[in-house]
Amino acid sequence: MLFLISKYLSRGSKNTAAGDDDKRLKQKQQQQQREMPAASNGAAEVGRGCMAGCVPVCAKRAATVTTTITTTLARTSRHNFVRSAASGLFAAAREFTNHESLPALPDAYAEFAAAFPQHGGLAGPADAIRDGEYGHLDRHVCLDYTGMNLFSHAQMNSSVPSTSAPAAPPPFFDIAYRSASLRSQVQQCGDGAAAAGPAAAGGVGAAVKRRIMASLKIPEDEYTMVCTANRTSAFRLLAESYSFTPGGGGGRKKLLAVYDYESEAVGAMAESARGRGAEVMHASFAWPSMRVHAADLRKKLLRGRRRQSGRGLFVFPLVSRMTGARYPYLWMSAAAEQGWHVVLDACALGAKDLDTLGLSLLRPDFIVCNFFKVFGENPSGFAGLFVKKASLGALERSAVARSIGIVDIVPARRWSLRDDYSTDLDSSLTFPKLAEPLEPTADDLDTTSSFSGPLSTTAIGRRTDAAENGNTPEICEVDSTPSATEEDNDTPQPPAAVEGEEEIRLEVECRGLDHADALGLIAIGNRLRCISNWLVVAMQRLRHPHPEHGGGQQLVRLYGPRVKFERGPSLAFNVYDWKGEKVAPLLVQKLADRHCISLTCGFLHNIWFADKYEADRSAVLEQRSDGAGEVGIHVVSASLGFLSNFQDAYKLWAFVAKFLDADFVEKERWRYTALNQKTVEV
């Protein structure tokens with residue numbers, strides 16, 4: 001390098017030595033080429049001690065060229081995908097003004113397959129799994145599920161184990177509430193697992209946790225999984241357990257949430273954090289793309305004084321549950337660099353989205369996932385709160401947190417799919433024998449409860465919150481103030497190991513997770529990408545047959561990203577009649593349910609309007625229906641899962657197209673009345 005610099009500085013004054021310089025330069029390059037293999041081998045051994053300047057210039061150029069080529073190919077591939085979706089669909093008809101003019105399902109699928117050839121190789125394995133294990137999905141289109149599916153429909157209706165190992169028959173488990181703080185639960189699971197004996201390691205709860213963490217590729221040596229009753233309980237538990245008290249004086253710690261829609265779980269978390277003295281902030285989203293307002297979020301990340309104990313909690317979902325907008329991973333990295341503890345909300349992610357390279361490099365402090373038993377039929381389940389062991393110091397013991405809904409996974413007591421068929425299972429025959437006697441510890445409730453059975457009222461009070469994944473009971477102790485001794489040492493003591501007890505590891509076959517693992521991240525992502533973008537284009541082609549001012553009124557108004565390669569599998573929209581008036585989202589949801597389609601209603605908020613879109617503010621925003629004073633947009637949302645297929649998207653499109661008939665709502669109302677049903681007010 002010094003030789004090159006001196007050659008550059010002496011250029012022009014030593015022209016006579018040009019020939020010698022070229023010769024020496026060629027010899028230098030040959031020597032570098034001979035040394036490169038040895039240098040690369042040495043770099044593997046020296047590794048992190050190598051500085052950036054020691055890489056040969058030619059190697060740097062080769063790496064730069066390779067990266068540039070890869071980036072260019074990726075950009076070209078994405079551009080071609082968007083162009084195929086925008087121009088290759090519905091070439092024969094630019095718009096549809098009558099629901100009877102829609103192409104038949106086979107014709108629509110043929111055009112879809114031609115526009116998205118990459119979908120053809122993915123349809124076979126996914127459709128085979130759906131046809132063989134989830135036949136009930138052909139009778140009802142389920143577009144309101146978010147979370148991860150544990151078991152298949154066929155598996156839950158079969159009582160014959162498919163493995164030779166000790167296995168649990170359907171429905172495999174129930175949940176039992178316990179009174180414990182999050183910090184003590186993490187310590188017990190992390191430090192006391194080995195001391196708890198073989199029975200605890202081989203129980204149904206441990207088996208389910210092992211299977212889940214293996215599927216999500218969350219390392220057990222870095223994270224501890226704590227089960228909660230539902231997503232709302234997980235968020236409240238974390239807010240009540242996090243140390244919002246600033247150390248060493250100064251301003252308040254903060255809670256910064258990145259959500260473009262109203263979430264009950266986030267609302268409960270914000271309420272708990274605000275009650276504990278935290279400053280609650282929300283990111284804003286630019287209209288009309290609903291992307292994160294980067295300048296505003298960056299300012300809020302830097303707000304306040306950086307402390308050794310952290311600025312606060314940064315709650316980040318990666319993808320919007322409502323609009324399907326995706327957010328860059330780098331926001332998590334930027335938050336961590338500024339001293340925030342990062343909470344990744346993975347409930348809206350796809351079945352294998354946690355396998356991405358970004359999450360393998362960026363380890364958040366907390367991860368929240370939602371699990372249900374059967375997609376499309378049994379929404380009961382639990383939420384998983386994964387706590388990074390290195391972040392345990394950010395948690396504190398809380399008397400309130402002891403009553404918020406930490407649960408244990410226990411052997412099932414009755415069948416949960418059919419109300420008219422139930423039986424008590426003999427745990428001594430089905431499950432390994434637990435440590436005797438089965439007496440609760442000082443931190444545990446003396447009763448258990450399940451989604452399929454009533455809760456005992458011994459020494460507890462019951463409170464029911466409308467959780468986002470269903471009405472799930474949460475337990476509140478009557479006397480929730482522990483003694484000073486309990487606060488100092490509230491870690492449940494593990495039961496003593498039985499001498500001579502053999503370790504029996506129960507295996508719980510989770511076919512839902514197995515099917516997601518078999519398909520993989522790339523196949524699932526490409527499949528949902530093709531179907532969701534087709535649905536976006538199809539919705540935009542629906543127009544009312546009353547041309548005004550040169551064109552008909554659009555039937556559907558979409559919110560968030562349109563045709564986009566990296567969009568999520570969710571779609572937020574509203575239906576408008578021929579006069580331009582919005583059809584109530586709740587009415588659309590009810591009518592869809594009559595047509596065997598399950599949708600979700602939501603409320604978009606935290607919307608920021610640039611100057612050029614300021615005129616849209618008054619026309620778009622509306623007051624929240626409960627009169628709380630907040631402004632936003634009431635919308636209908638459809639979420640595709642890894643088991644959703646093209647037929648599901650087509651059925652939704654065909655249903656929405658029925659609103660092109662100006663009398664559709666009135667016909668449905670009279671039809672509903674004729675069936676002696678409760679009339680829905682329009």
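**Exercise 1.** In which sense do strand β3 and β13 pair, and over how many bridges?

*Solution.* The model is predicted.
Step 1: Locate strand β3 at residues 174-177 and strand β13 at residues 407-410.
Step 2: The two strands pair in the antiparallel sense, over 4 bridges.
Step 3: Take Y177 as an example; its bridge partner in β13 is V407.
Step 4: V407 also belongs to the covered face of β13, together with I409. The uncovered face of β13 has D408 and V410.

**Exercise 2.** Give the strand order of the open sheet of 3 strands, and find which strands stand at the edges.

*Solution.* Step 1: The order is β8-β7-β20, and the pairing is mixed.
Step 2: β8 (291-292) and β20 (607-608) each have a single partner strand, so one side of each has no neighbour in the sheet. These two strands are the edges.
Step 3: Strand β7, residues 285-286, runs parallel to β20 and is joined to that strand by 2 bridges. In β20, W608 is the bridge partner of A286.

**Exercise 3.** Describe how helix α12 and helix α13 cross, and which residues meet.

*Solution.* Step 1: Helix α12 covers residues 294-301 and helix α13 covers residues 330-337; their axes come within 10 Å.
Step 2: The axes cross at roughly 25°. Angles under 35 degrees count as roughly parallel, and α12 and α13 are therefore roughly parallel to each other.
Step 3: The crossing of α12 and α13 is right-handed.
Step 4: From α12, A294, L297, R298 and L301 meet W331, A334 and A335 of α13. The residues of this contact comprise 6 nonpolar, no polar and 1 charged.

Methods. Residues are numbered from 1 along each chain as its sequence is written. This is a predicted model: local features need pLDDT of at least 70, side-chain atom pairs count only at pLDDT 80 or more; totals for chains, interfaces and linings use all residues. Side-chain values use heavy atoms; hydrogens and water are left out. Axes are lines fitted to C-alpha atoms, for helices over the stretch in contact, and angles run from 0 to 180 degrees between N-to-C directions. Angles under 35 degrees count as roughly parallel, over 145 as roughly antiparallel, 65 to 115 as roughly perpendicular and the rest as oblique. A crossing is left-handed if the near helix is turned anticlockwise from the far one by less than a right angle, and right-handed if clockwise. Contact means heavy atoms within 4.5 Å. Ala, Val, Leu, Ile, Met, Phe, Trp, Tyr, Cys and Pro count as nonpolar, Asp, Glu, Lys and Arg as charged, and the others, Gly among them, as polar. Two strands pair if DSSP finds at least two bridges between them. Buried means under 20% relative accessible area, exposed over 50%, partly exposed in between (1.4 Å probe, protein chains only).
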